[in-house]
Amino acid sequence: MVMFLFLVVALVVVVAAVTLAVLGGSEGGALPDVPPERFADPLPPDRPLRRADVEAVRFPMTVRGYRMVDVDEALDRLGAELAERDARIAELETALAGAQATAVGGPGLFTTYAGPPAPDPAEHGPSDRVPGGEGPATPPAERPEDDR
């Protein structure tokens with residue numbers, strides 16, 4: 001019975017201490033109201049976003065989750081940054097492809113090659129023709145001259 005009495009007294013002392021700490025105390029007042037959490041945007045406005053910036057974003061909790069306005073603003077900012085980067089990447093890839101084409105083939109890479117002029121069939125005799133009838137067997141410059 002002594003043990004039971006000791007436990008009841010200890011329980012009363014603990015409850016009284018907690019009540020005094022919550023309601024009273026040396027500062028003479030109830031606990032102050034907690035200010036509502038506001039979204040402190042850690043995304044830097046003066047430079048492009050980095051992976052660490054995105055990982056540092058934490059949204060304050062509300063009764064039913066997150067505040068949609070805070071999340072929408074952060075996602076809009078991230079979407080704009082990604083679209084800007086995609087456009088810049090496409091621009092740089094186009095410039096790189098043009099620079100590589102110019103460096104490999106030179107400025108005249110895409111000019112049309114006409115080839116050597118076709119020989120005039122009236123100039124050469126039938127002995128100069130290839131059996132398939134496709135012009136002279138050897139180019140005129142390399143044929144030995146006839147001493148007639």
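I looked up leucine 23 first: at 59% relative accessibility it counts as exposed (over 50%; buried is under 20%, partly exposed in between, with a 1.4 Å probe and protein chains only). I am working from a predicted model, where local features need pLDDT of at least 70, side-chain atom pairs count only at pLDDT 80 or more, and totals for chains, interfaces and linings use all residues. Residues are numbered from 1 along each chain as its sequence is written, and side-chain values use heavy atoms, leaving out hydrogens and water.

**H1.** Leucine 23 sits in helix H1, residues 2-23 (helices are DSSP runs of H or I, at least four residues, numbered from the N terminus).

**Salt bridges.** I searched the whole structure and got four (a side-chain nitrogen of Lys or Arg within 4 Å of a carboxyl oxygen of Asp or Glu).

Arginine 47 pairs with aspartate 53, closest N and O atoms 2.8 Å apart. Arginine 47 is partly exposed at 27% relative accessible area, whereas aspartate 53 is buried at 10%.

Arginine 51 pairs with glutamate 55, also at 2.8 Å between the closest N and O atoms. Both lie in helix H2 (residues 51-55), four residues apart, about one turn. I noted arginine 51 as exposed at 68% relative accessibility and glutamate 55 as partly exposed at 45%.

Glutamate 91 pairs with arginine 88, closest N and O atoms 3.0 Å apart. Both lie in helix H3 (residues 68-105), three residues apart. An α-helix has 3.6 residues a turn, so residues three or four places apart point the same way.

Note on methods
Helices (H or I, at least four residues) and strands (E, at least two) are DSSP runs, numbered from the N terminus.
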